[in-house]
Amino acid sequence: MAEKILLVEDEPALQDTLLYNLQKQGYEVEAVGDGLLALEAARRMQPDLLILDIMLPRMDGVEVCKTLRRENFTSPVIMLTARDDEIDRVVGLEVGADDYLTKPFSMRELMARVKAQLRRTQLIRAELDKIKTSEPATPQLLTFGNLSVNITRREVSLNDSPIPLKPQEYDLLLFFAEHKGQMLSREFILERVWGWDYIGDSRTVDVHVRWLRQKIEIDPGNPVRIVTVRGGGYRFEG
Ligand code: CA
């Protein structure tokens with residue numbers, strides 16, 4: 001589908017020339033000659049690009065651009081200016097244009113800018129699409145007998161039924177699961193799961209281990225999954 005461009009220029013001869021050349025490139029172009037019509041057309045057609053002259057009847061290009069940006073118009077805006085000293089303000093944050101051309105400019109230069117801006121929009125849209133569809137098709141799953149940890153969904157199941165875990169319990173279980181068979185000291189667990197880089201109260205770990213055992217052990221009093229290691233820590237057996 002052709003990309004839509006709204007062209008706002010009040011000099012008839014220049015408007016005609018720009019319109020002709022843009023259409024020749026295959027763009028779908030609508031042209032208007034004053035600021036208020038520009039606002040109305042931009043809202044209605046939601047163009048992929050706006051080419052906007054600054055000096056316009058009824059409302060100038062700077063006001064048009066500011067107004068549209070306030071309405072969350074996100075398409076690129078190329079400003080046409082007759083004066084070099086306007087450029088800083090126009091492309092700055094205050095007005096929100098993306099690029100500018102100082103009159104007189106060559107048609108080749110305008111086309112290059114138009115292409116560059118539209119290409120940039122396409123790249124941003126492709127990135128956004130990628131983020132939207134980036135959830136992996138198969139969840140990342142760690143399985144230990146009848147116990148499974150779904151990392152994608154932060155869900156733990158026992159015999160295929162989900163068991164409710166508090167966020168800290170989940171983090172602790174995941175840490176154990178990722179270090180299966182290793183002796184983990186209370187201090188190390190505190191540092192890695194709770195993010196404490198000082199020797200905190202290591203009873204916190206004991207309390208959470210007790211809660212976890214009640215949820216995932218057959219006999220929490222005689223644990224076989226999270227076993228206590230003499231001399232100061234725990235080991236996850238799976
Ligand atoms: Ca003008």
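The model is predicted, so local features were kept only at pLDDT of at least 70 and side-chain atom pairs only at pLDDT 80 or more, while totals for chains, interfaces and linings use all residues. Residue numbers start from 1 along each chain as its sequence is written, and side-chain values rest on heavy atoms, with hydrogens and water left out.

Start with the sheet: 3 strands make an open, antiparallel sheet in the order β10-β12-β11. Here helices (H or I, at least four residues) and strands (E, at least two) are DSSP runs numbered from the N terminus, and two strands pair if DSSP finds at least two bridges between them. The edges are β10 (183–185) and β11, each pairing on one side only. From one strand to the next, the twist averages 35 degrees; axes are lines fitted to C-alpha atoms, for helices over the stretch in contact, and angles run from 0 to 180 degrees between N-to-C directions. Antiparallel β10 and β12 are joined by 3 bridges, and Ser185 has Gly233 in β12 as its bridge partner.

Two helices sit against this sheet. Helix α6 touches β10, β11 and β12, and its direction makes about 70 degrees with that of β12; contact means heavy atoms within 4.5 Å. Helix α8 touches β11 and β12, its direction making about 145 degrees with that of β11.

Val227 stands opposite Arg235 in β12. Their hairpin has 3 residues between the strands, and Gly231 there takes a positive phi near 100 degrees.

As for the helices themselves, α6 (residues 167–178) and α8 (residues 203–216) pack at about 80 degrees, with axes 10 Å apart. The two are therefore roughly perpendicular (65 to 115 degrees; under 35 counts as roughly parallel, over 145 as roughly antiparallel, and the rest as oblique). From α6 the contact draws on Gln168, Glu169, Leu172, Leu173 and Phe176, and from α8 on His208, Val209, Trp211, Leu212, Lys215 and Ile216. These residues split into 7 nonpolar, 2 polar and 2 charged, where Ala, Val, Leu, Ile, Met, Phe, Trp, Tyr, Cys and Pro count as nonpolar, Asp, Glu, Lys and Arg as charged, and the others, Gly among them, as polar.

A further pair is α2 (residues 35–45) and α3 (residues 61–70), packed at about 25 degrees with axes 9 Å apart. That makes α2 roughly parallel to α3.
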